Amino acid sequence: MIKHAALALGLAAVFPAGASTLFPTVGEKGPPQIGIGLAALVENEGYKDGGTETEPLPVFFYQGERLRVLGPQLTYRVLGDRDNYIGLRVDYRFDGYDKDDGAIFDGMEERKSGIAVGVAGQLRAGPGNIYYSAAKSASASKGMYATIQYGIPATVGGWTVTPRAGVEYFNAKYADYYFGVRTHEARTGRPAYAPGSAFNLDVGVDVHRDLGRHHTVFGSVKYRRYDGAIKDSPLMEKGASPRLNIGYLYRF
């Protein structure tokens with residue numbers, strides 16, 4: 001579904017969890033920062049016949065004292081400071097598929113992307129940060145998901161490098177919507193299936209480098225290892241979803 005992501009201006013599609021390692025955190029004081037740029041995203045979501053897709057993504061970034069906008073993701077700090085905070089989040093999730101995404105989806109109802117509303121925050125912990133979020137889909141699946149990650153930024157040859165690892169949770173309604181097969185959709189080779197709730201492993205590395213006052217280059221590698229319940233879905237070919245991106249941001 002990278003093609004759906006390309007319809008939005010978004011770093012959130014590129015950095016769903018670790019963006020604060022690349023840009024100022026919510027709570028940064030000073031004048032607002034605005035940036036635009038371009039990224040290239042390469043991803044394989046693990047569906048049968050899905051293959052690997054590559055898509056350019058326009059980038060939009062806004063950072064105020066309390067408000068951050070990363071494309072389709074908006075976070076408003078309610079409590080705390082730049083290192084420890086909790087805020088409200090509105091996020092457009094680029095999940096789902098349509099019939100044109102592969103033969104395995106013939107006869108399936110479309111699974112749509114949608115808006116999710118919840119909370120998100122950060123905690124300073126030792127040499128790194130804990131990033132967490134929890135949200136409920138306000139459309140499409142009506143399900144709930146949550147993430148928690150730990151990242152440790154380091155400077156290597158002028159680059160900021162942040163390895164991170166964590167867990168992603170889908171409740172049963174969310175997982176069933178995107179990875180399940182309803183009874184009326186079942187056919188030979190695609191039996192009815194409901195995975196139930198799932199915990200996925202999420203690891204990755206974010207990198208960025210400022211080239212003067214206005215220019216930033218960035219990249220990220222992410223690997224999501226699906227829960228066995230999702231891996232066993234008749235829609236899935238692989239038990240993992242790798243993602244790679246590189247990009248450029250111009251700050252005004």
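Reader: Hi! How many residues sit between β7 and β8 in their hairpin, and which turn residue has a positive phi?

Author: Six residues lie between β7 and β8, and A140 in the turn has a positive phi of about 55°. Strands here are DSSP runs of E with at least two residues, helices are runs of H or I with at least four, and both are numbered from the N terminus. Keep in mind that this is a predicted model, where local features need pLDDT of at least 70, side-chain atom pairs count only at pLDDT 80 or more, and totals for chains, interfaces and linings use all residues. Residues are numbered from 1 along each chain as its sequence is written, and side-chain values use heavy atoms, with hydrogens and water left out.

Reader: OK. How many bridges join β7 to β8?

Author: Eight, with β7 (residues 128–137) and β8 (residues 144–151) running antiparallel. Two strands count as paired if DSSP finds at least two bridges between them. A134, for instance, has A146 in β8 as its bridge partner.

Reader: And which way does β10 run against β8?

Author: Antiparallel again: seven bridges join β8 to β10, residues 159–170. I148 has V167 in β10 as its bridge partner.

Reader: Switching to charges: how many salt bridges are there?

Author: Eight in the whole structure, counting a side-chain nitrogen of Lys or Arg within 4 Å of a carboxyl oxygen of Asp or Glu. One of them joins R243 to E43, with the closest N and O atoms 2.9 Å apart. That pair links distant parts of the chain, R243 in β13 (residues 240–251) and E43 in β1 (residues 33–43), 200 residues apart.

Reader: Are R243 and E43 buried or exposed?

Author: Both R243 and E43 are buried. Buried means under 20% relative accessible area, exposed means over 50%, and partly exposed is in between, using a 1.4 Å probe and protein chains only.

Reader: What does R93 pair with?

Author: R93 forms a salt bridge with E168, the closest N and O atoms being 3.8 Å apart. R93 is in β5 and E168 in β10, 75 residues apart. R93 is buried at 13% relative accessible area, and E168 is buried at 4%. There's also a network of salt bridges linking R93, D95, E168 and R224.

Reader: Which ring does R93 lie over?

Author: R93 lies over the face of Y145, at 3.9 Å from the ring centre. The rule is that NZ of Lys or CZ of Arg is within 6 Å of the ring centre and within 35 degrees of the ring normal. R111 lies over the face of Y177, at 5.7 Å from the ring centre.

Reader: Rings, then. How many aromatic pairs are there?

Author: Twelve. Rings of Phe, Tyr and Trp (its six-membered ring) pair if their centres lie within 6.5 Å; planes under 30 degrees apart are stacked, over 60 edge-to-face, and the rest tilted. F179 and Y226 are edge-to-face, 5.6 Å centre to centre with 65° between the planes. F179 is in helix α2 (residues 172–179) and Y226 is in the loop between β12 (215–225) and α3 (228–231), so their pair ties together parts 47 residues apart in sequence. Both F179 and Y226 are buried.

Reader: Which aromatic cluster includes F179 and Y226?

Author: The one formed by Y47, Y97, F105, Y145, F170, Y174, Y177, Y178, F179 and Y226.
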